[in-house]
Amino acid sequence: MQLTIVGTGYVGLVSGVCFAEMGNDVVCVDINEEKIKSLRSGKSPIYEPGLDLLLERNIKEGRITFTTSLEEGIRNTQVIFLALPTPPGKGGEADLQYVLDAARDLSNMLKTYTVIVNKSTVPVGTAEKVSAALAENLSTDLFDVVSNPEFLREGVAIEDFLKPDRVVIGTQSEKARKIMEELYTPFVRQGNPIHFMDERSSEMTKYAANAYLAMRISFMNEMANLCERAGANVDAVRTGMGSDSRIGKRFLFPGVGYGGSCFPKDVQALAQTAAEHDYDFRIVKTVMAVNDRQKTMLGAKVKKYYGADLSGKTFAVWGLAFKPETDDIREAPALELIKELLEAGATVRTYDPEAMENVKAQLGTNGIHYAADQYDALQGTDALIIVTEWAEFRNPRFEQMLDALREPVVFDGRNVYSLSKMEELGFYYESMGRPTLQRA
Ligand SMILES: NC(=O)c1ccc[n+]([C@@H]2O[C@H](COP(=O)([O-])OP(=O)(O)OC[C@H]3O[C@@H](n4cnc5c(N)ncnc54)[C@H](O)[C@@H]3O)[C@@H](O)[C@H]2O)c1
């Protein structure tokens with residue numbers, strides 16, 4: 001098929017490359033000229049495992065091209081995916097200006113029947129709004145608007161896109177449904193379902209999934225906080241409860257609060273949708289409040305140990321991205337923590353395998369040293385604070401850590417190490433929801 005992706009960010013680029021990998025001809029459009037220039041030369045502007053390889057192969061095979069011109073990008077196309085930003089508006093609602101502006105632009109350009117797909121995360125009722133925007137200058141028999149929310153996870157986005165757990169397609173048009181089914185069938189050869197439903201249910205499914213996952217994380221974070229106070233170990237509780245098949249083992253890890261480009265804004269947008277429908281969606285509101293508090297918990301542990309004034313202290317911070325295997329720092333808990341440490345008078349030496357350039361651009365270098373590697377970050381610091389659980393932090397050279405740190409003190413926001421190992425090594429070790437180890 002001939003496909004166009006409008007918006008070549010995390011979702012647009014991964015979708016474009018994966019559709020091309022399945023043999024489709026894809027044109028990716030973006031208004032960011034630098035991004036398009038970089039992509040044309042085969043260089044991905046984002047870090048995502050496996051992306052570079054697929055990008056290079058599909059450029060070489062001529063199945064994917066890049067342009068800044070929407071008009072050029074939609075020539076001969078059958079399906080247009082809108083993978084545009086939907087950031088929070090003033091009241092927390094999803095801001096639809098990018099999506100609706102694109103629809104209006106398209107209403108002046110389309111000549112033959114085209115399926116317009118909302119791949120962005122958009123609130124219930126958006127398909128109707130996009131249809132209305134298209135209908136401003138276009139006959140309604142020349143298009144269908146389909147909701148097709150994206151469930152990929154950054155860090156494993158390629159795998160998620162090529163082998164999705166499920167595909168959700170919201171449309172009431174038989175013609176659009178057939179096209180979408182044909183497009184996605186190669187992705188579900190192992191038997192995973194394509195769920196067809198109406199547009200509104202499809203739009204709601206995405207928010208339901210993200211809000212549920214955010215709730216699960218928040219529940220475990222609260223459980224961890226209680227375990228600390230009640231003398232229980234959340235790791236034991238987590239495995240004990242996760243073995244119940246009704247609960248399941250995944251997504252039960254406590255930490256420093258969820259971040260990223262999706263959960264915070266989607267939970268907020270769902271609360272806003274509820275408000276617009278005069279519904280007081282209490283769990284969702286509480287999830288937001290719990291997460292805001294959780295993001296302060298690690299900093300609070302540090303201050304409890306050293307006192308509120310951290311002048312003269314230097315901390316190593318391992319991990320900046322909002323989760324491992326991405327360079328995405330949107331709403332990353334590490335950024336809030338670093339700001340708090342700096343405000344309290346401390347300096348920071350930090351290391352992240354992929355996200356340092358992005359953080360440097362946002363937080364600058366005042367009081368922050370960006371280290372060459374994880375051990376360099378520890379040099380002469382008073383303590384290590386772990387915020388993101390990159391694989392390379394899991395099994396470090398502990399002796400080198402002990403040599404580099406001024407004191408053997410670790411605050412672990414992700415429960416990366418076993419208590420027995422840290423006890424054996426003589427660390428003061430504070431983690432989330434587990435007993436604190438005193439220095440040997
Ligand atoms: N990132 C994720 O993990 C993820 C997962 C599922 C769904 N989503 C949703 O997908 C949507 C996109 O998210 P993202 O993370 O890819 O965002 P992003 O910011 O990485 O990418 C958006 C891209 O759109 C481009 N753009 C903006 N206006 C444009 C225009 N008028 N024409 C062409 N391009 C334009 C931007 O330059 C940018 O490259 C959001 O609604 C998000 O909630 C994201």
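Is S420 buried or exposed, and why does it count that way?

Reply: The model is predicted, and what follows is computed from it. S420 counts as exposed because its relative accessibility is 52%, and the cut-off for that class is over 50%. The residue is part of helix α18, which covers residues 419-425. Between the C-alpha atoms of S420 and T314 there are 27 Å in space, with a separation of 106 residues in sequence.

The loop between β13 (409-412) and α18 contains N415. N415 has a relative accessible area of 13%, so this residue is buried; the limit for that class is under 20%. Its backbone also deserves a remark: N415 is not a glycine, yet its phi is positive, at about 50°. Most residues other than glycine have a negative phi.

F251 is another case of this kind, with a positive phi near 65° in a residue that is not glycine. It sits in the loop between α10 (234-242) and α11 (263-276). F251 counts as partly exposed because its relative accessibility is 33%.

The segment after β14 holds S431. With a relative accessibility of 1%, S431 counts as buried. Its side chain makes a polar contact of 2.9 Å with the side chain of R434. Strand β14 itself spans 428-430 and is one of the elements that supply at least two residues to the lining of the second largest pocket.

That pocket has a volume of about 300 Å³. Its lining consists of 15 residues, and those nearest the pocket centre are E228, R229, K301, K304 and E430. Besides β14, the helices α9 (199-230) and α13 (297-306) each give at least two lining residues. Helix α13 makes the largest contribution, with five residues. By class, the lining of the second largest pocket holds seven nonpolar, two polar and six charged residues.

In the side chain of D30, an N or O atom lies 2.6 Å from an oxygen atom of the ligand. At S261, a polar side-chain atom is 3.3 Å from a nitrogen atom of the ligand. At I31 the backbone is involved, with an N or O atom 3.5 Å from a ligand nitrogen atom. The ligand taken alone exposes 840 Å², and the protein buries 88% of that area.

N118 has a relative accessible area of 2%, so it falls in the buried class. The C-alpha atoms of N118 and I80 are 8.7 Å apart in space, while the two residues are 38 apart in sequence.

Note on methods
Residues numbered from 1 in each chain as written. Predicted model: local features only at pLDDT ≥ 70, side-chain atom pairs only at ≥ 80, totals over all residues. Heavy atoms only, no water. 1 Å grid on protein atoms, 1.4 Å probe; cavity = no way out; pocket = protein on both sides within 12 Å on 5 of 7 lines; lining within 4 Å. Points joined across faces, edges and corners; volume = space filled by probe spheres on them. Helix = DSSP H or I, 4+ residues; strand = E, 2+ residues; numbered from the N terminus. Nonpolar A, V, L, I, M, F, W, Y, C, P; charged D, E, K, R; others polar. Buried < 20%, exposed > 50% of the residue type's maximum accessible area, 1.4 Å probe, protein only. Polar contact = N/O pair within 3.5 Å; in protein donor to acceptor, adjacent residues only side chain to side chain. Areas by Shrake-Rupley, 256 points an atom, 1.4 Å probe, with all protein chains shown as cover.
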